Amino acid sequence: MSSNTPTTIHRLDYREYPFNIENVALHFDLHETSTRITSTLSVSSKENWPADLVLNGEDIRLVAVSINGKALGEHQYSLNEQTLVVPSLQGQFELSIVSECNPQENSTLMGLYVSGNSFFTQCEAEGFRRITFFPDRPDVMSTYTVTICADKARYPYLLSNGNLCASTDLPDGRHQATWEDPFRKPSYLFALVAGDFDIREKHATTQSGREVLLQVYSDKGSGHQTEWALESLENAMKWDEARFGLELDLDRFMIVAVRDFNMGAMENKGLNIFNAAYVLADPNTATDANYEGIESVIGHEYFHNWTGNRITCRDWFQLSLKEGLTVFRDQEFSADMMARNLDASAAASARAIKRIDDVTRLRTAQFPEDAGPMAHPIRPESYQEIANFYTATIYEKGAEVIRMQHTLLGEEGFRAGMDEYFSRHDGQAVTCDDFINVMESVYTQRNPGKDLSLFRNWYSQAGTPRVTVQLAYNEAQQRCSITLSQSCAPVGVEKLQNGFVKKPFHIPFSMGFISQSGQPLMLQFEGRPQTTVLLELIEESQTWHFDQISERPIPSLLRDFSAPVIVDYPWNQQELAILCAHDSNPFARWEAVQALSSNELLRIAALLAQGGQPELDPALLQVWQTNLTDPSLDAGYRAWLLTLPSEKVLAERMTPIEPVAIARARDFVREKLANGLLDLWQQTLGQNETPGRYSPDAISAGRRSLKNLALAYLLSIQNPSAIQAAFAQYQNASNMTDRLGALSALVSHYEGDERDEALAQFYEQWQHDPLVVDKWFALQANARHTNAQTILGLMAHPAFNLRNPNRARSLIFQFCINNTEGLHKSDGSGYAFWADQVIALDGINPEIAARLARVMDNWSRYAPALKAGMQQALKRVEAHPGLSKNVFEIVSKALN
Ligand code: PHE
Ligand code: ZN
């Protein structure tokens with residue numbers, strides 16, 4: 001885990017691997033502390049001259065190497081910490097390698113490891129090299145035959161990719177199974193699982209009439225929690241057939257849930273391995289948000305089978321080729337699922353909710369990343385540790401870049417592009433350029449004279465562009481003109497490059513006009529009347545004219561968030577109030593509420609930072625009242641309209657950042673809105689019950705979210721009857737969403753003894769369900785008055801375990817990421833706690849440690865006193881001896 005001279009890998013240094021590895025035969029002799037692996041590779045050189053065969057290997061012990069059955073002596077190869085090199089080979093040969101590893105002691109959760117009573121693997125991005133010596137890069141694709149031997153009583157199920165072809169009993173109570181994956185794949189998609197599980201399964205028929213077996217494996221005793229996962233899997237399968245014509249290509253598709261996992265889930269061919277948090281759910285233990293998360297991650301991994309596995313990445317700089325595209329696909333899947341069975345207007349608001357949710361994630365995680373020391377284009381130019389580049393930029397901004405192509409091509413054009421992508425590249429390891437070349441061919445065909453050359457800058461440049469909008473209205477001519485101007489300052493490494501000049505982006509900008517009385521205006525644009533127009537900004541500045549506009553309109557801008565940019569337009573509060581109540585585009589209407597309330601919150605935060613006495617702008621209260629009582633809006637959408645912008649979103653607009661002032665401003669406004677609309681909140685509580693059998697559908701979930709929002713507002717002012725209502729809801733809830741909604745309102749805002757009683761009771765009741773215990777830790781990590789000391793106390797609880805990533809995330813990450821006041825305590829205790837935990841985690845699991853390290857990314861944008869404390873904590877981590885290259889890359893870039 002030590003490497004102090006980090007090497008930087010550059011995209012432009014890509015070289016083809018000089019050998020083909022047609023087939024890989026793996027034999028695993030599984031034992032907890034020492035597993036022996038024999039790997040037999042059929043190799044052939046690509047060229048007619050000799051080359052060195054370079055194999056990656058990490059943390060494994062080499063036992064023997066042979067070529068065509070002849071053992072190699074130590075002088076015939078060279079071995080170091082990272083590679084095994086057999087020099088000067090040519091032609092066709094069979095290479096056999098025997099090696100050993102220790103799964104029990106593997107706390108990194110990369111390669112082969114033990115979790116609970118089972119064996120699991122994780123190979124993306126560079127985990128296969130921790131299993132056996134191999135060219136561990138995505139452009140080396142092979143077929144795999146895998147034989148697994150293990151104790152039969154402890155490990156009755158032995159799984160790998162593809163189809164099961166044989167299983168037999170062996171002496172000494174052992175047994176073995178052989179799997180064959182007919183599809184060529186890179187090593188990062190290899191998987192193995194051995195253990196004892198509950199299984200839920202179902203036969204399904206694909207659109208071409210093939211019968212397939214869908215299976216979900218989970219811990220013994222948790223089989224009753226996999227119904228939703230299996231249903232989601234079947235829905236994903238049907239959706240990909242209907243929307244993209246893509247069918248499951250295997251006879252069986254397995255999902256296995258694991259308790260110890262670094263990420264959400266992994267798309268190994270035919271054998272997806274999932275963090276249990278994205279598989280297990282029942283109404284008593286999982287919230288609406290958990291149900292939604294499971295559906296979307298199951299969709300995501302399933303969709304990777306085509307976008308990721310059938311067509312994979314040439315090298316890891318192309319990661320967004322599979323991730324951005326697959327996130328776009330899972331977003332569309334979730335939106336379609338949420339809108340299913342609804343009438344047109346409810347469907348539109350269900351889609352808007354999904355878009356609001358995704359855009360909020362982008363703004364809270366990706367915008368700050370794109371403005372900080374780790375800023376990188378969706379196709380990075382360089383990295384030290386690839387695990388650090390599974391970022392919001394690659395995933396979420398990557399999905400936005402795909403979505404813009406969808407917007408520019410239209411649904412039909414995009415589908416034609418996807419069809420062409422598979423027809424050109426199925427079975428290959430390709431680049432982002434290959435993808436955009438395909439899309440451009442369709443775009444140009446449909447829009448003669450136009451191309452996507454400028455659009456490519458989204459792949460090569462980082463940063464969030466700013467689009468400034470100017471509106472000019474000429475009453476005499478009845479003409480309204482819109483001028484869009486774009487700019488994007490250099491960020492991250494761009495700032496270090498001499499003479500770096502940023503080029504303009506191709507920005508699809510969707511907009512409309514609203515009259516002063518709140519009506520949408522019909523615009524003549526590109527020869528047809530429309531209420532929403534798509535402007536394509538390709539220069540630094542461009543102007544569009546709209547005629548027959550009889551009054552000065554209010555612009556409704558960047559509808560549906562048609563591009564990942566920041567819009568600058570000087571609406572006054574009154575214009576915003578009109579949009580807040582009337583914008584016909586539900587996404588833009590929510591945006592208007594965000595803009596109005598952000599302006600107000602930032603004004604109050606600034607005042608508070610100077611010790612001033614704020615007052616609330618009555619316009620805000622008016623908007624809240626209108627939206628709380630608008631009968632035409634469904635509950636879930638109203639809940640979003642009535643939620644104040646998060647601290648993180650506000651921080652992006654404050655220089656320097658005063659986190660505590662932001663938190664206080666939100667408290668102040670929240671309390672004013674609670675007091676000012678007391679009766680309405682109370683009515684809302686009563687009007688949104690969801691009696692009967694629990695269902696996670698969008699309408700029911702929306703009602704619960706509005707009700708729990710009302711509860712939170714009321715508890716923020718310690719309203720006595722609401723406190724009673726919260727306790728009653730907590731006790732009588734028939735599902736976890738309501739139970740947790742009530743408990744979290746109490747824990748955040750109430751200080752009485754019953755709060756601790758409820759918390760204790762919650763633990764007592766759910767201590768045997770790890771995912772619920774995670775919720776219990778998270779609640780406390782986020783609570784008001786929780787500080788580093790409180791967290792250290794909770795870390796001493798018998799249920800805490802630093803080695804389990806979900807547990808570490810539920811307590812330590814929740815505190816460091818979300819508990820603003822706790823982290824930014826003026827005594828520096830929050831920062832010291834952060835540094836201690838990064839260092840402690842780094843000794844166990846560098847990937848997880850590096851994620852925690854990123855909490856300090858934007859330290860230099862904070863107010864001076866805080867900034868100094870954060871910098872000091874970062875320096876302490878950087879100076880720690882034996883730091884992993886994962887954490888080193890993050891802290892050294894932050895301090896640069
Ligand atoms: N490829 C996985 C996904 O996005 C994420 C992942 C990356 C999981 C690395 C584990 C390790 O679906
Ligand atoms: Zn993915």
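Which elements each supply at least two residues of the shell around ligand 1? I looked, and β20 (265–266) and α2 (288–304) each do.

Ground rules first. I'm working with a predicted model, where local features need pLDDT of at least 70, side-chain atom pairs count only at pLDDT 80 or more, and totals for chains, interfaces and linings use all residues. Residues are numbered from 1 along each chain as its sequence is written, while chains are lettered from A and ligands numbered from 1 in the order in which they are written.

**Ligand shell.** I listed the residues around ligand 1, and among them are Gln 122, Glu 124, His 300, Glu 301, Glu 323 and Tyr 390. To make the list, a residue's C-beta atom, placed from the backbone, has to lie within 6 Å of the ligand. I sorted the shell into five nonpolar, three polar and four charged residues. Here Ala, Val, Leu, Ile, Met, Phe, Trp, Tyr, Cys and Pro count as nonpolar, Asp, Glu, Lys and Arg as charged, and the others, Gly among them, as polar.

**Whole chain.** I found 26 helices and 33 strands in the protein chain. These are DSSP runs, numbered from the N terminus: helices are H or I with at least four residues, strands are E with at least two. The C-alpha trace spans about 90 × 70 × 60 Å along its principal axes. Buried residues (20 or more other C-beta atoms within 10 Å of their own, all placed from the backbone) make up 49% of the 896.

**One stretch.** I checked residues 463–569 and got 0% helix and 47% strand. Their end C-alpha atoms are 20 Å apart.

How values were computed: A residue is buried if 20 or more other C-beta atoms lie within 10 Å of its own, exposed if 12 or fewer, and partly exposed in between; C-beta atoms are placed from the backbone.
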